[in-house]
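Visitor: I would like to learn how to read a protein model feature by feature. Please take me through one.

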Amino acid sequence: MSRNYKEDQTNEVEALDSIYCGDMEILATEPHHKFQIPIATEEYSSEEPEKGLACKLVFTFTATYPDGAPVVEIEEPENFEDMFETRLLEHLQKTIEENLGMEMIFSLVSSAQEWLNERWDEHKFHQEELREQKLREIEEEERKKFEGTRVTVESFLKWKLEFEESTGIAAKREKNNVSKKQTGRELFMCDNTLNDSDIKFLLEAGENIENVKIDETLFQDIGELDLDDDDDEDWVPGADDDDD
């Protein structure tokens, strides 16, 4: 006994119209049924269409459906990325092949709905990754501003030399060396062995030199010192100014 395809198709369309509660729209009945069913992700709404994915699935029965595959089209896609339509149709084609011989429209709609939800979940996960990456970049920039520039022994000595030249300390020091006998204070300030004394102290104390940070504001008053003051001739580091 041959199958009555037309009757089976009509019965399926009536069942689908009942399942989708008026959302399904019948576009034609001859020569074969053609109808569309909207699908969307859970967060999608017409008021906020940017929050989710949506489209309409258009089905057209063939003369031998369901033994033959129905024609499936996608219309009015919302927020679809490039190739989403092609990928969704390929996904539905696999579902069609698995269901040949059986009424399959409900299975196709459910499979397409699930596929959209998976793509939207991937999109949200990617957006969250981008947001977290942006936060990490901002935090890193703020950390760099807070910590200042980490230095090595070489870069510290180079900065020290440039700082002394820019503030005039080096010139005053050279002038004093040529013009007169150095005082105790000047000997202390000009002692080359003291150039990296702070660094040596840190290293001996086990401090990691990369943790050393320069705060130039601590040196701002150095340039105002009068290194020509002869009253400091007998100054000795650590000596008290008043006699007991």
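The dialogue below moves from the overall layout to helices, the core and the cysteines.

Guide: First, the ground rules. This is a predicted model, where local features need pLDDT of at least 70, side-chain atom pairs count only at pLDDT 80 or more, and totals for chains, interfaces and linings use all residues. Residues are numbered from 1 along each chain as its sequence is written, and side-chain values use heavy atoms, with hydrogens and water left out.

Visitor: How many helices and strands does the protein have?

Guide: Helices (H or I, at least four residues) and strands (E, at least two) are DSSP runs, numbered from the N terminus. Here there are seven helices and four strands. Their order from the N terminus is α-β-β-β-β-α-α-α-α-α-α.

Visitor: What share of the residues is buried?

Guide: Buried means under 20% relative accessible area, exposed over 50%, and partly exposed in between (1.4 Å probe, protein chains only). Of the 244 residues in the protein, 25% are buried.

Visitor: How do I read one face of a helix?

Guide: Start with the general idea. An α-helix has 3.6 residues a turn, so residues three or four places apart point the same way. Now take H2, residues 84–99. Its buried residues are Phe 84, Leu 88, Leu 92, Thr 95, Ile 96 and Asn 99. They cover an arc of only 110° around the axis, so they sit on the same side of H2. The arc is taken over the directions from the helix axis to the C-beta atoms. Exposed Lys 94 and Glu 97 are on the face turned away from that buried side. After H2 comes Gly 101, with a positive phi near 95°.

Visitor: Which residues of H4 are buried?

Guide: Phe 156, Trp 159, Phe 163 and Glu 164 are. They fall within an arc of 130° seen down the axis, so they line one face of H4. Glu 154, Lys 158 and Glu 165 are exposed on the other side. Glu 164 has a relative accessible area of 12%.

Visitor: Which residues have the most contacts inside the largest nonpolar core?

Guide: A nonpolar core is a set of buried Ala, Val, Leu, Ile, Met, Phe, Trp, Tyr and Cys residues joined through side-chain atoms within 4.5 Å. The largest has 28 residues, and Phe 35, Leu 57, Phe 59 and Ile 105 have the most contacts inside it. H1, E2, E3, E4, H2 and H3 each supply at least two of its residues. H3 gives the most, with seven. Ile 105 touches residues including Leu 16, Phe 35 and Phe 59.

Visitor: How many disulfides are there?

Guide: A disulfide is a covalent bond between the sulfur atoms of two cysteines. The search cut-off is a pair of cysteine sulfur atoms within 2.5 Å. The whole structure has zero. Cys 21 is exposed at 66% relative accessibility, whereas Cys 55 is buried at 3%.

Definitions and conventions: The expected span of a helix is 1.5 Å times one less than its number of residues. Contact means heavy atoms within 4.5 Å.
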